[in-house]
Structures are given as C-alpha cells and as structure tokens.
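This report describes a single protein chain for a reader who works with coordinates. Please keep the sequence and the model at hand while reading the sections below.

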Amino acid sequence: MNAAKAQATGFPVSLEFFPTKTPAGADKLRAERQQLYALSPEFCSVTYGAGGSTQEGTFGAVREILAEGVPAASHFSCIGATRESVRQELAQLKAMGVKRLVALRGDLPSGYGAGGEFQYASDLVAFIRAETGRDFHIEVAAYPEVHPQARSPEADVKAYLAKVQAGADAAITQYFYNADAYFRFVDDVQRLGASIPVVPGIMPITSSTQLMRFSDACGAEIPRWIRLRLQAFGDDTASIKAFGLDVVTDLCDKLRSEGVPALHFYTMNQSAATLEICRRLVL
C-alpha cells in the first residue's frame, strides 16, 4: 500500500508507539515507523511511563516523529505531578511544535504513595485548557468495557463525562474485541450529552501470552472463543498471527462499516500486523 492510496480513501488512521530503552531499540523503531508512514497517519502518539518515568524518551521520540514530517502527540499523565511541573512540560511541548496531547491520569511508579496536585485526568484537562487555551488538541481515554479501577460502570461514565466537560476534543478507547461494547458505550455517553469523537483503539494479535498479560493488567476482555482458540494453538506462532489478523481485520471492518470516526492502532513498535490489517481493509 502506498501513501497516495491511503489518502485517497480518506479514512483516518493513527498509531501509538512507546519509547525504547536502548540505541538498538531506537534504530529498530525508526525503521518500523518508516514502514508505517505508508498509511499516512493522522498522527502518531508516544506513551508516557508511570509517574513520567519515560518523559525524556517520550519527548525524544515525539521530536523525531515531528522531524520526520508526521504530526506527533505526546501522552501526558498527571498523577504525582505539580501544577508547576505540568506548566513547564506544556511549555516544552509547545516549543517543540506539538499540537496534540493524550491527557491521562497515569500511574504512580511502584513504591510511591498518592501524591501530586492532580487527582483525575479531568483535572489535567481543565488545567491544560486554563493554561494554554486552544493551543492543544486534547485526546482522553475511554473504556468501553469499564476502567478496571472504576467503582461501577456508572462511575466510569461519570469520569468520562467530566473529561469531556473539562475540554477534551476527542477520545481514544482501550482496546477491545467486542464491537458491541464500543457501540453501547458511545450510545450511552452521547445520550448524556458527550458528543466528541470516540476513536476505537485497536490491538493487533501477534502473541497469545503477551495479549493475555496485557489484558489481565488493563481489564480488556478477551472473548472466550478467542481465548480458547489462542490457547489451542499453543506455541504455533504462525497460526496465532494468521488467526489474529483475521479476527482484528473483521473487527475493524465492522467498526468502519458502522461509521467510527477513525482507527487508532496500538502498534507495540511493530509494523507488520498493522500494515497487513490496513492492506486487507484497503484503507
């Protein structure tokens, strides 16, 4: 697929990366990004470690993506941060030319107590708007299958609405494999007055053990039929990847046919699966 073909269909795609820890990892990520740029992504986001632990790597990757001529969004978490530290980081990002943020509550590094001057992501969104006006397009997180730390589905929706009311422009969901959960979430929040775009987060399936580990940690549901099929493949990596491509392509096709605003791929710093899914979809 070439960039012209991707642009011709007019369907927006965005990509997520995480900062690498070694020079060799950074070199590999650059090569993977160049492959993925064939999709003409609307933007590429870079994740932010617990308590800002990867800030230098995050900002460095964002700089590189911008230098490669692609819009870049920095993840930006607030747990453990102060207003002054956030103010300084916003100024740094603005000076870098960043126009888009993914505003999150984030996690504290293990061993730290609750600290900082922000309790919720909605507090961060409100602060960014108060400090910078409309300088940044702000994305927030959405959880179609309910945030794992939410007291109830109703409390989770209330937290989402607070982020929208604080000034969020759009949302990106946690990954999911049950399209009905996404559509029900969108219907529910729109009925309550939250009309910002909700972009599905898409996780390609390339490793069954990795997927199980991530899903257990973040609360994403793996439907029983998918889990059992993956377990049945055992160590047959080729079959896992082939099955994963079929499952995720079908999911994306259903989402697109029902009118989702875009697709956001959690690439895991790998290009092959995302490129193949998009090739099959003729994005």
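## A buried histidine in a strand

H264 is buried, its relative accessible area being 0%, where buried means under 20% relative accessible area, exposed means over 50%, and partly exposed covers the values in between (1.4 Å probe, protein chains only). The residue belongs to strand β8 (residues 263-266); helices (H or I, at least four residues) and strands (E, at least two) are DSSP runs, numbered from the N terminus. The side chain of H264 makes a polar contact of 2.6 Å with the side chain of S14, a polar contact being a pair of N or O atoms within 3.5 Å in which, within protein, one atom must be able to donate a hydrogen and the other to accept it, while residues adjacent in sequence count only if both atoms are side-chain atoms.

When neighbours within four places in sequence are left aside, H264 is in contact (heavy atoms within 4.5 Å) with S14, L15, E16, F43, S45, I172, V199, P200, G201 and I202.

## Basis of the values

The model is predicted, so that local features need pLDDT of at least 70 and side-chain atom pairs count only at pLDDT 80 or more, whereas totals for chains, interfaces and linings use all residues. Residues are numbered from 1 along each chain as its sequence is written, and side-chain values use heavy atoms, with hydrogens and water left out.

## Polar contacts of D169

D169 is placed in the loop between α6 (153-166) and β6 (170-175), and with a relative accessible area of 16% this residue is buried. Its side chain is joined to that of R134 by a polar contact of 2.4 Å, and a polar atom of the D169 side chain also lies 2.8 Å from the backbone nitrogen of I138. Not counting residues up to four places away in sequence, D169 touches R129, R134, F136, H137, I138, I196 and P197.

## Nonpolar core and aromatic pairs

In soluble globular proteins, nonpolar side chains tend to be buried together. Here the largest nonpolar core has 85 residues, and those with the most contacts inside it are Y160, Y177, L255, L263 and F265; such a core is a set of buried Ala, Val, Leu, Ile, Met, Phe, Trp, Tyr and Cys residues joined through side-chain atoms within 4.5 Å. Helix α10 (residues 237-257) gives the most to this core, with eight residues.

Across the whole structure, a search finds nine aromatic pairs, meaning rings of Phe, Tyr and Trp (its six-membered ring) whose centres lie within 6.5 Å, with planes under 30 degrees apart counted as stacked, over 60 as edge-to-face and the rest as tilted. The pair of Y48 and F76 is stacked, because the ring centres are 6.1 Å apart and the planes are at 15°. Y48 sits in the loop between β2 (44-46) and α3 (55-67) and F76 in strand β3 (residues 72-77), so that the pair links distant parts of the chain, 28 residues apart. Both Y48 and F76 are buried, and ring pairs link Y48, F59 and F76 into a cluster. Y160 and F185, by contrast, form an edge-to-face pair, with 5.1 Å from centre to centre and 75° between the planes. Since Y160 lies in helix α6 and F185 in helix α7 (residues 179-191), this pair ties together parts that are 25 residues apart in sequence.

## Cysteines without disulfides

A search of the whole structure finds zero disulfides, a disulfide being a pair of cysteine sulfur atoms within 2.5 Å. For C78, the closest cysteine sulfur is that of C218, at 19 Å, which is too far for a bond. C278 is likewise in no disulfide, the nearest cysteine sulfur being that of C252, 7.2 Å away. C78 counts as buried at 0% relative accessibility, and C278 is buried with a relative accessible area of 0%.

## Positive phi angles

Most residues other than glycine have a negative phi, and most peptide bonds are trans. S40, although not a glycine, has a positive phi of about 50°; S40 is found in the loop between α2 (23-36) and β2 and is partly exposed, with a relative accessible area of 25%. V146 has a phi near 80°, which is likewise a positive value in a residue other than glycine. The place of V146 is in the loop between β5 (137-142) and α6, and V146 counts as partly exposed at 25% relative accessibility.
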